[in-house]
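The stops below go from charged pairs to helix contacts.

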Amino acid sequence: MPELAGKVADAFEAQVREYEEQWLSPLAVRSYETRGRLREEDDCRLRTPFQRDRDRILHSKPFRRLKGKTQVFIDPAGDHYRTRMTHTLETTAIARGVARALRLNEDLVEAIGLGHDMGHPPFGHAGEEALDQAVQEHFGRRFRHNEHSLQIAESLNLTAEVRDGILTHTGEREPATLEGKIVRIVDRVAYINHDIDDAVRFGILAPEQLPQEEVTLLGATGARRIDRLVHDLVESSQAAGDIVQSEEVGNAMLALRAFMFEHVYLGPHARLEQGRARAAIRRIFDHLAADGQEPEQIVDFIAGMTDRFALTYVSELG
C-alpha cells in the first residue's frame, strides 16, 4: 500500500494539471499557478493549494463558531433559522454550481465561499454596525467583517487568490478572479433569499408583501428565485466572458435587496434587535477598553464571539 500511495502522490499534480488544461475555461485560475502564500511552506502531494485552503478553513475555530452567529435574528429559539454557518454552506454550494457550469475552478470558489464570513461578529448586520461604531469612537478606525476575515485568512496562510476573494466579497474593490466574482454575487443571492424565508418564518413579513413585479420575474419561492438567478448568472456570464447578471434580473435582485433593508434589516423588529446588539457589544467593548486591552485584542475577541457567548458575557458583567 505505501508503494501504491507513493505512485498516486507522484502522479497527482501532473494529472490535475492535465485535467484542468483539458476541462477548465481559459479564464479559470489554474490550481498550481497560484500567486502563493504569505509564508513559504511545502506543498501537499495529494491536494491542490486551494483544496488545502478549504481544509484549513473547515478545521479552523473561526469557521466552527459560525454555527453560533446569526444572520438577522439574535439567538432565535427555533431550530430552522439560518446562521452564518448555514449561509456559508448555501453560498458555497450555489457558487460551486455556477463555477462548474462556467468551467471555472470549483476548488478556489469553494475555499473563498467557506472563508468569506469567518471574521463576521455576532448579531448579524446589527453586530457589525455596533462594533464598527465602537471601534471608531475609541480608536478612530473602522471595522469591516471582510477585512477581519482577511486577517484570519492571513493567519491561516491561505493562498493569494483565496485571500483576495475573501476580502472583496463585499465592499468597493472588485475581486481579481472570476471565481471571486462568483462568490461576491452569489453571497447576495443566497442571503437575500434565505433572509426572506427567515423573516416569513419569524412572522415579520408575509409573502404577499414582497414586491410583486420582482416576484413575478424571479419566482414566488426562494428555490425558484435562486434557480432563476443562477441560470441568468451563468448564461449572462458565458456570453460576456465575465461574471455578470442581465440588467433585468440584476435590477430585480437589487430591488429585493432594497425591500429587505427597508422592511427587515432596518425595520421595526430589526431596530429592537439592533438595540440589543449595540447594548451588548458596547458593554463588552467598554469593559475591555477600561481593562486596558489592546485595540486588536478587543476586536479579535468580540468579533470571534457567538451570539450566545456575547449575551452570557454581558450578563456576567452585571
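Burial labels on this tour follow relative accessible area: buried means under 20%, exposed over 50%, and partly exposed in between, with a 1.4 Å probe and protein chains only. The model is predicted, so local features need pLDDT of at least 70 and side-chain atom pairs count only at pLDDT 80 or more, while totals for chains, interfaces and linings use all residues. Residues are numbered from 1 along each chain as its sequence is written, and side-chain values use heavy atoms, with hydrogens and water left out.

**Stop 1: salt bridges**

A salt bridge here is a side-chain nitrogen of Lys or Arg within 4 Å of a carboxyl oxygen of Asp or Glu. The structure holds 25 of them.

Select Arg 282 and Glu 137. Their closest N and O atoms are 2.9 Å apart, in a salt bridge. This pair links distant parts of the chain, 145 residues apart: Arg 282 sits in helix 13 (residues 268-290) and Glu 137 in helix 6 (residues 124-139). Helices are DSSP runs (H or I, at least four residues), numbered from the N terminus. Arg 282 is partly exposed, with a relative accessible area of 26%, and Glu 137 is partly exposed at 49%.

Next, select Arg 30 and Glu 21. Their side chains form a salt bridge at 3.1 Å, N to O. Is Arg 30 buried or exposed? Its relative accessibility is 11%, so Arg 30 counts as buried.

**Stop 2: a network**

Select Asp 55 and Arg 47, a salt bridge with 2.9 Å between the closest N and O atoms. Asp 55 is buried at 15% relative accessibility, whereas Arg 47 is partly exposed at 28%. Now extend the selection: a network of salt bridges links Arg 47, Arg 54, Asp 55, Arg 96, Arg 100, Glu 106 and Glu 110.

**Stop 3: helix 4 and helix 5**

Show helix 4 (residues 84-101) and helix 5 (residues 106-115), whose axes come within 9 Å and cross at roughly 160°. Axes are lines fitted to C-alpha atoms, for helices over the stretch in contact, and angles run from 0 to 180 degrees between N-to-C directions. The crossing angle makes helix 4 roughly antiparallel to helix 5, a label for angles over 145 degrees. The crossing is right-handed, that is, the near helix is turned clockwise from the far one by less than a right angle.

Contact means heavy atoms within 4.5 Å. On the helix 4 side, select Thr 88, Leu 89, Thr 92, Ala 95, Arg 96, Ala 99 and Arg 100; on the helix 5 side, Glu 106, Asp 107, Val 109, Glu 110, Gly 113 and Leu 114. These residues divide into 5 nonpolar, 3 polar and 5 charged. For these classes, Ala, Val, Leu, Ile, Met, Phe, Trp, Tyr, Cys and Pro count as nonpolar, Asp, Glu, Lys and Arg as charged, and the others, Gly among them, as polar.

**Stop 4: Glu 174**

Glu 174 lies in the loop between helix 8 (160-167) and helix 9 (178-202). Leaving out residues up to four places away in sequence, Glu 174 touches Thr 168, Lys 181 and Arg 184. The C-alpha atoms of Glu 174 and Arg 184 are 8.7 Å apart.

**Stop 5: helix 9 and helix 11**

Helix 9 and helix 11 (residues 222-240) have axes that come within 10 Å and cross at roughly 165°, so helix 9 is roughly antiparallel to helix 11. Their crossing is right-handed. Select Ile 185, Val 186, Val 189, Asn 193 and Ile 196 in helix 9, which meet Gly 222, Arg 225, Ile 226, Leu 229 and Leu 233 in helix 11. By class, the contact has 7 nonpolar, 2 polar and 1 charged residues.

Technical notes:
Helix = DSSP H or I, 4+ residues; strand = E, 2+ residues; numbered from the N terminus. Parallel < 35°, antiparallel > 145°, perpendicular 65-115°, else oblique.
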